Amino acid sequence: MKRWARRDAEPFRKAHPLPEGPWREPDFTPYLDALAAAQTPAEIEAVTERVLDAAEPTIRALSDYLVAAARWQNQNRDAAPGSPASLLMTAASRALSALALADEAGLGRLRAAYDPAPDSSPSTSPQPGATAAPPPVPPSAGPGHGR
């Protein structure tokens, strides 16, 4: 079917030339090198946050394109589950979900390091009337990211 579609779209492709081949691959070497050197959850999150911030515009643009393709000729209206329009809308949502899941994973890693659950074993439970130790000091607040 794809071969037939390519043949049938040949006049269109000549009228609307598009770049051939894959997009230029980003260089992940600095991120992978930094990740290999990371020693703490904060350092891992610093690298991951930069990767996500760098990738977000491209992933958002891909999601926007998939939504536009799903909406082509209003095919998304009353689209049945599993239909091409429905699948494209799901793909658009999941592309953005990947960013959100990765961000959530980073927050979970930081929460485990900076705000661990209290140990419920009886030997470490404070005695009645004893004062608890103060929580660990959070890292200094820096500029946030857009996610």
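**Entry 1: contacts along the chain.** I looked up contacts between residues at least 6 apart in sequence, and 57% of these join residues at least 24 apart. I note that the model is predicted.

**Entry 2: confidence.** I then turned to the confidence scores. The protein averages a pLDDT of 84, and 81% of the residues score at least 70. Among the elements, I found the lowest mean pLDDT, 88, in helix H1 (residues 2–8). Helix H3 has the highest, at 95.

Entry 3: I recorded 5 helices and 0 strands in the protein. Read along the sequence, the pattern is α-α-α-α-α. I also looked up burial: of the 147 residues, 12% are buried.

**Entry 4: H3 and H4.** I next considered pairs of helices. Two packed helices are described by the angle and the distance between their axes. I took up helix H3, which covers residues 29–37, and helix H4, which covers residues 41–71. Their axes come within 8 Å and cross at roughly 165°. An angle over 145 degrees counts as roughly antiparallel, and H3 and H4 are therefore roughly antiparallel to each other. I noted the crossing of H3 past H4 as left-handed.

I then listed the residues that make this contact. H3 contributes Tyr31, Ala34, Leu35 and Ala37. From H4 come Glu43, Ile44, Val47, Arg50, Val51 and Ala54. I divided the residues of this contact by class: 8 are nonpolar, none is polar and 2 are charged.

**Entry 5: H4 and H5.** I examined H4 again, now with helix H5 (residues 84–114). The axes of H4 and H5 come within 9 Å, and the crossing angle is roughly 165°. That angle makes H4 roughly antiparallel to H5. H4 passes H5 in a left-handed crossing. In the contact of H4 with H5, I recorded 21 nonpolar, 2 polar and 5 charged residues.

**Entry 6: Ser63.** Is Ser63 buried or exposed? Its relative accessibility is 3%. Buried means under 20%, so Ser63 counts as buried. With which residues is Ser63 in contact, leaving aside its neighbours within four places in sequence? I found Ala92 and Leu96 as the contacts of Ser63.

Conventions:
Residues numbered from 1 in each chain as written. Predicted model: local features only at pLDDT ≥ 70, side-chain atom pairs only at ≥ 80, totals over all residues. Heavy atoms only, no water. Axes fitted to C-alpha atoms, helices over the stretch in contact; angles between N-to-C directions. Helix = DSSP H or I, 4+ residues; strand = E, 2+ residues; numbered from the N terminus. Parallel < 35°, antiparallel > 145°, perpendicular 65-115°, else oblique. Left-handed = near helix turned anticlockwise from the far one by under 90°. Contact = heavy atoms within 4.5 Å. Nonpolar A, V, L, I, M, F, W, Y, C, P; charged D, E, K, R; others polar. pLDDT = per-residue confidence, 0-100. Buried < 20%, exposed > 50% of the residue type's maximum accessible area, 1.4 Å probe, protein only.
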